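Here are a few exercises to work through with the model open beside you. Try each task before reading its solution.

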Amino acid sequence: MVRSSIDPIRPGASLILAWQIKQKHVVIIGGGFVAAGRLVNVLEADAKVTVICPDNEELSETVRQHLEDHSQTTRLVPREFQDSDLTTPFGEHMFTKVSPEASSTLTQEGYPSATATTTLESTLSQDEPLDDVVSGPAVDMVLSAIDDIPLSTHIYNLCKRLRIPVNIADVPPQCDFYFCSTHRDQSLQVAVSTSGKGPKLANLVRRHIADHLPNRVGEAIEQVGILRAKLRKMAPGPEVGPKRMGWMSRVCEQWRMEDLATLEEKSMEIVLSGFKDNVVFSYDQVQAKIADAESTEAETEKIESKVTTAGELTAEHTITKDTPTQKTPRLVLVGAGPGDPELLTLKAARLLEEADLVVADRLIPMEVIDLAKGEVRIAPKKRTVLVVEQKSSTADQETLSTAITSDNIQDQLNEWCLQGLREGKTVVRLKQGDPFIFGRGAEEILFFREHGFDAEVVPGISSALSAALSANVPLTHRGSSNQVVITTAQVKGGRLSDNFPVYDAQKTVVVLMGVGKAKEISEMMQTDLGWPANVPAVIVENAHCANERAMDATLSTLAQVVEEQKAVPPSVFVIGWAGSVLRQA
């Protein structure tokens, strides 16, 4: 028999799945740094979580805060692990410490001794059905995040008998599954696994992938989900299932991610109108149909407003065509504020509506950009492009790494603006915060002057000032702070600024763009500049936006909290004793 050519099996892989644990019971043993990461992962998957950690061990700041913030779905059991914890439903664990009588069956490390006869494991014989001992699946997953190897092994063996999936941190042979390094953008989750062999390398690969994802991919997925739900409602039934799937696949293939992200009620109706005839309208066709409909509607309203009876018609009712005029180019640098559209100035909002072209920074929220009525161009992401260079006809090809830096991106933005100005357009250069506070506004004005264009500037609220307010931190307060220093962690070339302020108990330091350099900032301020390790450091992420977060740390734990909480740009660090004035209340 002739064998078909198929890909060979490559053993050694892990089976990567998206595990649905919504409302399932997860037990986490431990309360430190590793436990904090596990807790974040399972809470984001909507699980119910029991954390077991002795009350004589310090809880991670992340664990403590999530236990406070998610009291309906988390429980803390402040004692040593007990075998019965794996057969106890969520919320029914006993909080009392081990009794003196029971303690005789425990070793010095606190786990059951080999001679104990009262532990759950000892009651489970190899021949006894589990259903006779365990009435129901009280625990659906166990995550051990402790350094006690004997106890971890005991927990692993117990889970095997109870058939509970278990992960023992840093012990791959005792893991039914591994945690992937995950990038999340709304419903999009990208997981990278090294099968437990190189967690740090998994992080590096994940960051590389995230940097190369299309712009607005998370928003695109959300809108496609809405479109699919509308299509299923419009064309229900399994008989049209293949047509639905094929048609939706063509929409996703033919539309760019950025365009899918802009789908809204009007455009979805037009897209769906093509399903009956199995036609996929392109983005440009949809925009043209919307423009035609709006033009027709506007013309109808205009005509209706001009209609009069013959006897009422006068010279002032006469409709004349506007005489074409030569448009004068106009450039305005507009501060977009920290993110909330309601914090825009009235002038900024008006200019967004009037602009022919809006050139925007990448991190400006779409709620602000959506106010623009004309064309919008958004800055690309920083990324690294691999270029293959043929050095000679006989030499091997050499792969070079070419970085697309902030300077490259700035050049692109400037070129877009120049293109619009040369076409006589009103161009709004939309900048995050305020154009003149670490916004490179003056650099852009000088650039455009060299090319014969003057710029207007509209101020915006800077997150350097407003982020602290949003997090309930007064930048100045009598007795705590009489001086504010605003600085950045990213100077030219991506280096950390070397002129951070020396310690002064009456000084508050606001650090912009510091997420990627939290460890360096923390070490430098403590080692070289005399700042105490316990001075408050508040991390404010996406200030004034719907997804805003404020995270408490100290200068010594700043990097740890950034890593545990997976803080992302744009984030602001507020460092100083003023951080403890109101946030303790």
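**Exercise 1.** Find which strands helix 1 lies across, and its angle to strand 1.

Solution. Start with helix 1 (33–44); helices (H or I, at least four residues) and strands (E, at least two) are DSSP runs, numbered from the N terminus. Next, look for contacts, meaning heavy atoms within 4.5 Å: helix 1 lies across strand 1 (25–29), strand 2, strand 3, strand 4 (141–144) and strand 5. Finally, take the angle: helix 1 runs at about 170° to strand 1. Axes are lines fitted to C-alpha atoms, for helices over the stretch in contact, and angles run from 0 to 180 degrees between N-to-C directions. Helix 5 (residues 149–162) also packs on the sheet, touching strand 1, strand 4 and strand 5, and makes about 165° with strand 5.

This is a predicted model, where local features need pLDDT of at least 70, side-chain atom pairs count only at pLDDT 80 or more, and totals for chains, interfaces and linings use all residues. Residues are numbered from 1 along each chain as its sequence is written, and side-chain values use heavy atoms, with hydrogens and water left out.

**Exercise 2.** Work out the strand order of the open sheet of 5 strands.

Solution. Strands pair if DSSP finds at least two bridges between them. Strand 2 (residues 48–52) and strand 3 run parallel, joined by 4 bridges, and Ile 52 stands opposite Val 77 in strand 3. Extending this gives the order 3-2-1-4-5, with parallel pairing. Strand 3 (74–77) and strand 5 (166–168) are the edges, each pairing on one side only. From one strand to the next, the twist averages 15°.
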